[in-house]
Amino acid sequence: MFTDFNYDSEISKELAQTVSKYLIDNSNFHSHYQSIKNNTVDALTHWETYAELGWLLAPARDENNGIGCTSYDLACMQVEMGKHLALEPFTTHCLAVQLIESSDNSTLKETVLPLMLAGKNLCAFAIFERASRYSLDNIETEFKQNKNGSFNICGVKHYVSDIQNVTHILVLAHDNQTSEKCWFCIPVNHLGISFNFYLGTDDKPMADLTFDVRELDSKFKISLNTTDLQVTQLLNQANILNNADSLGCCIQLLNLTAQYLLDRKQFNSSLSSFQSLQHIVADMFIALQRVLSLTFYQAQSVDTLLTEHAQERIYITNVELFENTQFIFEKAIQLHGGIGVTEELSVGHLAKRIITNNCRYGDKLFFLSQIE
Amino acid sequence: MILNLTDEEKCFHKELKDFLSHELTQDIVEESLKTTSVFADKDLALKWQSKLAKQGWAAQLWPEKYGGIKWTPIQKYLFEVECAKAGAPMLIPLGLKMVGPVIIKFGTEEQKERFLPNILSGDDYWCQGYSEPGSGSDLASLRCKAELKDGKFIVNGSKIWTTHAHYSNWIFCLVRTKNTPKPQAGISFLLIPMNSKGITVRPIISISGEHDLNEVFFEDVQVDTNNLIGEQGQGWECAKYLLTLERGASVASARLRSTLIRINKLTETEQLDSKNKVNTSFYVKQKLNSLDARLCAFENTEFRLQKQINSGFDYGFEPSLLKTEATELEQALAELAVEVIGPRAQILVRDSLSQAWPSATSDDVDWALPRYLNSRSATIYAGTNEIQRNLIARSIFANT
């Protein structure tokens, strides 16, 4: 297939192929669409199998009984999940594992982490607030340490994705005295959390969360003095996996479009015989190559990107990725004609998934503003 | 926009503004702002239509004797511009601007008396049966057939992308009444009551989660012969006339200008980061300026064309030019709106989902994403923009 690519390592190849095989056999658009129509969306249908197949061990380090996959390996897995519109919260899982592993809280590592890797614990990230778009300079959610060592956390977080059946919420808050930032891992059933659930544009469960948490045990504090760089690195990782997901969507969109143009006849000819349409498909392919190259460039370089200049490159490449993925889904819809603008074909769902990916952990305007 | 209006036109302009300030009430404007798809909500559009009909302004493409008004193209232009500025809903064109003019041009006097008053009053609500599952841009290949048996047409086949079929009590259809070597020659224009036995309507939900479109199935549907418009085989002529009206009769720039103003306002309220609003973004400023200039060009192109029509100029490829420019501007504006709302584009407020996963709390920016998603169809319907470019090129070469 023209969209195949050379994998960086045997493990990335093996993981991607395993994910691909499982999802081809077990996840199809028809059942996905039926669940949306019947209002029975379940983002965790295959989660247990993800655990059984060992995929949830992929982001964890060797010392935590994980596989220790690189960003590149994880991106290869996520590409396949994007292709098949998988609803399972794999990206969030990878980020949550990495956040807890990087903390100095051994209790969380010993109690919460193993159950995450077994698929029993699920975490969601509560990071962004309506009043600051994606900026973390002035987040309003604040924490205060009580005399007995426990914490109070107050604030409102928006656009919390992958919220279905979560056991813990990973909340970023700041100290109301010193403005230092800190992550907390709050059990979902802790008093003082209220939820406003809804389905996201990409058909995945989301929520806005209001926190008025009192007396949170200090064992749920992930790490004090979280630096902006640490948060930025986590968001870089999030964007890379999202971009890999969009890459999967784009591969699928090009395949579907090329097949449609070959099959569909108008004016007694296959649509693929019309030069103006051929040029559009060629432009989609060129854009896809950019997406592929930039996604894996990001994945391979993320661990070493520490300088300001390198961070700028991440922002710039995100903008370029977002523009190209948008181009691909817009043209895929155009070339499918009317059916592309309906819910009845996967094209529209792949498009909406890319739209969501392109504004989940930062968007074009925000990244541009960081380099203007 | 420099209009250079005559005294008579200035007088009309004032009358128009006075009318809008009295009749276009706030509730209509607010409801209209919620419109995200191609057509306004049926009840809203009919409410506005009844006010215009009372004033005698609803049927601008019709002769006075049928309830229309003899406006010059400039008057029609001013009307569209002022309505858009004031936030009036779009009139549903299916009856007033599409089947109505076809009946007037090709129908019998009996048909005109029978159908036109109910179109004007809104008592009859029409949908269009043109496209078929196998015939999109290649309309002439349509297969839905009507056979004459015992003094009635028997219709079998299906139509797709039928906007508001679920609200309509009539459908105007292109049907094949004869197999001819030239496919266009065997097509006829037939009016069919939607409550006829053998008609079923299947909803098609758009990617924005809205229900405007449908597929309509005909199974041995009996239709009176006096519902045939024009002669048998004259359907293609009717269709071409109607498509020209569809592409050229409206003034799109005014509503695009309103959208640009609305986006501008959004940039003043949406956050770029914790300290700045979106309107401080260099990229956004540049894009707004660029779209403003492009829209300015389009406004003047449209107005220039209206003036030419005023002096007897006949339409050629110009509808294709206008359609291409208008729809691509519409998409560019919708894209910018989604960029402005940023993270809010993760939420698509769906009407249909309200149980296990309720819809997100509505927000005043919620129009942007559905508008963007629906705008993708603008370069597909009424002849794709690829087809429009073919027509423009053909005309250029023919005149070179």
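Here is a chat about helices, strands and a salt bridge in this predicted model.

Me: Before we start, how do the names and cut-offs work here?
Reply: Residues are numbered from 1 along each chain as its sequence is written, and chains are lettered from A and ligands numbered from 1 in the order in which they are written. The model is predicted, so local features need pLDDT of at least 70 and side-chain atom pairs pLDDT 80 or more, while totals for chains, interfaces and linings use all residues, and side-chain values use heavy atoms, leaving out hydrogens and water.

Me: Why is H8(B) called roughly parallel to H10(B)?
Reply: Helix H8 (residues 252–269) of chain B and helix H10 (residues 318–341) of chain B pack at about 10°, with axes 10 Å apart. Angles under 35 degrees count as roughly parallel (over 145 is roughly antiparallel, 65 to 115 roughly perpendicular, the rest oblique), so H8(B) is roughly parallel to H10(B). The axes are lines fitted to C-alpha atoms, for helices over the stretch in contact, and angles run from 0 to 180 degrees between N-to-C directions. Helices (H or I, at least four residues) and strands (E, at least two) are DSSP runs, numbered from the N terminus.

Me: Which residues make H8(B) meet H10(B)?
Reply: Contact means heavy atoms within 4.5 Å. Among the residues that meet are Leu256(B), Leu260(B) and Ile263(B) in H8(B), and Leu329(B), Leu333(B) and Val340(B) in H10(B). By class, this contact of H8(B) with H10(B) has twelve nonpolar, two polar and one charged. Here Ala, Val, Leu, Ile, Met, Phe, Trp, Tyr, Cys and Pro count as nonpolar, Asp, Glu, Lys and Arg as charged, and the others, Gly among them, as polar.

Me: What makes H4(B) roughly parallel to H8(B)?
Reply: The axes of helix H4 (residues 73–86) of chain B and H8(B) cross at roughly 20° and come within 8 Å. That angle makes H4(B) roughly parallel to H8(B). Their contact has five nonpolar, two polar and three charged residues.

Me: What pairs with E3(B) through eight bridges?
Reply: That's strand E7 (residues 211–224) of chain B, running antiparallel. Gly157(B) stands opposite Phe218(B) in E7(B).

Me: Why is the contact of Arg133(A) with Asp363(A) called a salt bridge?
Reply: The rule wants a side-chain nitrogen of Lys or Arg within 4 Å of a carboxyl oxygen of Asp or Glu. The side chains of Arg133(A) and Asp363(A) meet at 2.6 Å, N to O, so the pair passes. Arg133(A) lies in the loop between strand E1 (123–126) and strand E2 (142–145) of chain A, and Asp363(A) in the loop between helix H10 (346–357) and helix H11 (364–371) of chain A, so the pair ties together parts 230 residues apart in sequence. Over all chains, the count by this rule is 32 salt bridges.

Conventions:
Pairing = 2+ DSSP bridges.
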